[in-house]
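Here is a short briefing for a first look. Keep the sequence and the 3D view side by side as you read.

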Amino acid sequence: MDRMRLMETFVRVVETGNFSAVAREARTTQSAISKQVQALEKLVGAPLLVRSSRSHALTEAGQLYYERCRQVLDTLEEAHIEVHRAEHEISGLLRVAAPVAFGRLHIVPRLPAFYARHPRLKVNLQLDDGFTDLVAAGIDVAFRVGELKDSRLIARRIGTAHRATLASPAYLERHGEPRHPDELRKHNCLIYTGLATLDEWSYVDADGLPRVVRVDGNFQSNSSEAIRQAVCEGLGISYSPLWTFGDDLRAGRVKAILTRFRPPSLPLNVVFQPARRPSLKVNSFVNYFSEAFSRDPDIAQMLAATQ
């Protein structure tokens with residue numbers, strides 16, 4: 001087997017953390033993957049992994065070799081794209097991850113214009129409101145709303161998501177409209193469990209003073225889509241990014257309340273795998289969407305100038 005194939009196998013073993021995952025990707029056996037790594041160690045003349053019954057770790061030589069292999073593979077991928085693109089066209093498969101509502105509302109509708117610019121590029125979009133391991137899932141770029149918890153990732157800040165307190169007119173007609181955050185304690189508040197604070201909603205008043213209110217309600221969900229629908233059905237009040245409710249606000253299905261009290265905003269980042277620099281296709285994708293977001297009236301208020 002050629003050296004490049006062995007290097008690719010070794011890199012995927014390191015990045016996924018186990019031989020079986022790589023075997024599934026390659027549609028072969030775990031034993032075959034193990035033999036490929038052994039063949040590479042023999043070729044290099046040094047052990048690259050320290051194996052145990054349940055896990056493996058990089059040796060010092062293995063860490064150095066992995067970093068160099070990653071650089072070589074990234075360079076070859078870029079060279080392949082440059083050689084095979086026609087004029088300014090970029091080809092290949094781009095794996096993208098995003099929160100469900102953000103992907104449905106702000107990525108998918110923009111794909112036709114993106115494909116018109118890059119007709120030879122394919123996008124595999126994975127939508128999930130939970131945590132996605134970029135390395136294990138083979139994701140090239142992911143959109144993340146909120147503070148980043150994984151310091152290993154390479155991040156690019158592309159904007160700021162503003163939040164609001166929202167309810168349907170039907171709910172407000174039945175229960176009254178709160179005029180102060182403290183009044184939320186008397187209301188049915190819909191809890192998005194993706195928030196770190198969960199049942200604590202933070203605000204800054206007109207004087208710049210912070211205020212935290214503990215809320216409660218009869219509906220919780222880890223899906224921002226479910227929270228949005230619950231608000232539209234008149235179930236209660238939510239504390240959500242404005243971009244989730246763009247069409248609903250315009251159509252009058254939802255109303256922003258407590259507008260004198262500003263929830264803290266959330267950073268919007270795109271993140272990349274560690275030990276990898278963004279490829280041409282990743283940069284083209286990110287630049288396109290950053291530009292599109294900055295012009296869109298629904299989320300122009302959400303996004304700061306692209307860095």
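Helix H9 spans residues 224-232, and its buried residues are Ser-224, Glu-225, Ile-227, Arg-228, Ala-230 and Val-231. Note that this is a predicted model.

- At the start of H9, a side-chain oxygen of Ser-223 comes within 3.2 Å of the backbone nitrogen of Glu-225.
- After H9 comes Gly-234, with a positive phi near 80°.

- Strands E9 (residues 200-204) and E10 (residues 210-214) run antiparallel and are joined by five bridges.
- Val-204 has Pro-210 in E10 as its bridge partner.
- Five residues lie between the two strands of this hairpin.
- Gly-208, in the turn, has a positive phi of about 80°.

**Aromatic pairs**

- The structure holds 13 aromatic pairs.
- Phe-114 and Phe-285 pair edge-to-face, at 5.3 Å centre to centre and 85° between the planes.
- Phe-114 sits in helix H6 (residues 111-117) and Phe-285 in helix H11 (residues 280-295), so their pair links parts 171 residues apart in sequence.
- Phe-114 and Phe-285 are both buried.
- The ring centres of Phe-143 and Phe-289 are 6.3 Å apart and the planes meet at 75°, so this pair is edge-to-face.
- Phe-143 belongs to strand E5 (residues 141-145) and Phe-289 to helix H11, so this pair ties together parts 146 residues apart in sequence.
- Phe-143 is buried at 3% relative accessible area, and Phe-289 is buried at 0%.
- One aromatic cluster includes Phe-102, Tyr-115, Trp-243 and Tyr-288, along with Phe-114, Phe-143, Phe-285 and Phe-289.

How values were computed. Residues are numbered from 1 along each chain as its sequence is written. This is a predicted model: local features need pLDDT of at least 70, side-chain atom pairs count only at pLDDT 80 or more; totals for chains, interfaces and linings use all residues. Side-chain values use heavy atoms; hydrogens and water are left out. Two strands pair if DSSP finds at least two bridges between them. Helices (H or I, at least four residues) and strands (E, at least two) are DSSP runs, numbered from the N terminus. Buried means under 20% relative accessible area, exposed over 50%, partly exposed in between (1.4 Å probe, protein chains only). A polar contact is a pair of N or O atoms within 3.5 Å; within protein, one must be able to donate a hydrogen and the other to accept it, and residues adjacent in sequence count only if both atoms are side-chain atoms. Rings of Phe, Tyr and Trp (its six-membered ring) pair if their centres lie within 6.5 Å; planes under 30 degrees apart count as stacked, over 60 as edge-to-face and the rest as tilted.
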